[in-house]
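Student: I would like a close look at one part of this model. Please take me through the salt bridges, step by step.

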Amino acid sequence: MKKAKTRAAVGFVDVPSNFWARGAIAEAYEMGWMSGYPGNVFRPSQQIPRVQVVVALNNGLGYEPTCNFQDVLSYYNDAGEIQSYAVKSVAAATEKQLVVSYPNPKSLKPNQSATRAEVAAFIYQTLVSTNQARAINSPYIAKIDIG
């Protein structure tokens, strides 16, 4: 998903100039999809927890929660496992129906490593939220009543 660059690239200390994904990492950073860790570190070989996928996609879209984020998070039976840095992003992503959890949509599993299928489902929901794909009816999409 292409979007305008919102910040200048940084040279992550653990992404060598010949690293196969260096260009993609730089673009994802410049567009606001991904950020690194403190100390200019990216950790390109580390598996990514589900919560970080949600935060990355939500940050790239710039969504903010529209109602009390704690009320939104109460949808999840494991909301207490969501780190504080991620709560508002997870709430906004949940409101926008970006979050997909199989087999139970009320189980976010925030600290579990994301599978390729889960990342694909999150990206698809991101495309739906930006009107770049048609919604697929699925019982695994986190859906809350807001309003």
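This is a predicted model: local features need pLDDT of at least 70, side-chain atom pairs count only at pLDDT 80 or more; totals for chains, interfaces and linings use all residues.

Tutor: Lys 5 forms a salt bridge with Glu 30, and their closest N and O atoms are 3.1 Å apart. Lys 5 lies in the segment before H1 and Glu 30 in helix H1, so this pair ties together parts that are 25 residues apart in sequence. Glu 30 is buried: its relative accessible area is 13%, and buried means under 20%.

Now stay with Lys 5. Its side chain also meets that of Glu 27 in a salt bridge, at 3.3 Å from N to O. Glu 27 lies in helix H1, so the pair of Glu 27 and Lys 5 joins parts 22 residues apart in sequence. Glu 27 has 25% relative accessibility, so it counts as partly exposed.

The structure holds three salt bridges. Two have been described; here is another. Arg 50 forms a salt bridge with Glu 118, with 2.9 Å between the closest N and O atoms. This pair links distant parts of the chain. Arg 50 is in helix H2 and Glu 118 in helix H5, 68 residues apart. Check the burial of each partner. Arg 50 is buried, with a relative accessible area of 1%. Glu 118 is buried too, at 12%.

Helices H1, H2 and H5 come up again at the largest pocket. Each supplies at least two residues of the lining. That lining has 39 residues, divided into 24 nonpolar, ten polar and five charged.

Key:
Residues are numbered from 1 along each chain as its sequence is written. Side-chain values use heavy atoms; hydrogens and water are left out. On a 1 Å grid over the protein atoms alone, a cavity is a set of points where a 1.4 Å probe fits but cannot get out, and a pocket is an open set with protein on both sides within 12 Å along at least five of seven lines; lining residues have an atom within 4 Å of a point. Helices (H or I, at least four residues) and strands (E, at least two) are DSSP runs, numbered from the N terminus. Ala, Val, Leu, Ile, Met, Phe, Trp, Tyr, Cys and Pro count as nonpolar, Asp, Glu, Lys and Arg as charged, and the others, Gly among them, as polar. A salt bridge is a side-chain nitrogen of Lys or Arg within 4 Å of a carboxyl oxygen of Asp or Glu. Buried means under 20% relative accessible area, exposed over 50%, partly exposed in between (1.4 Å probe, protein chains only).
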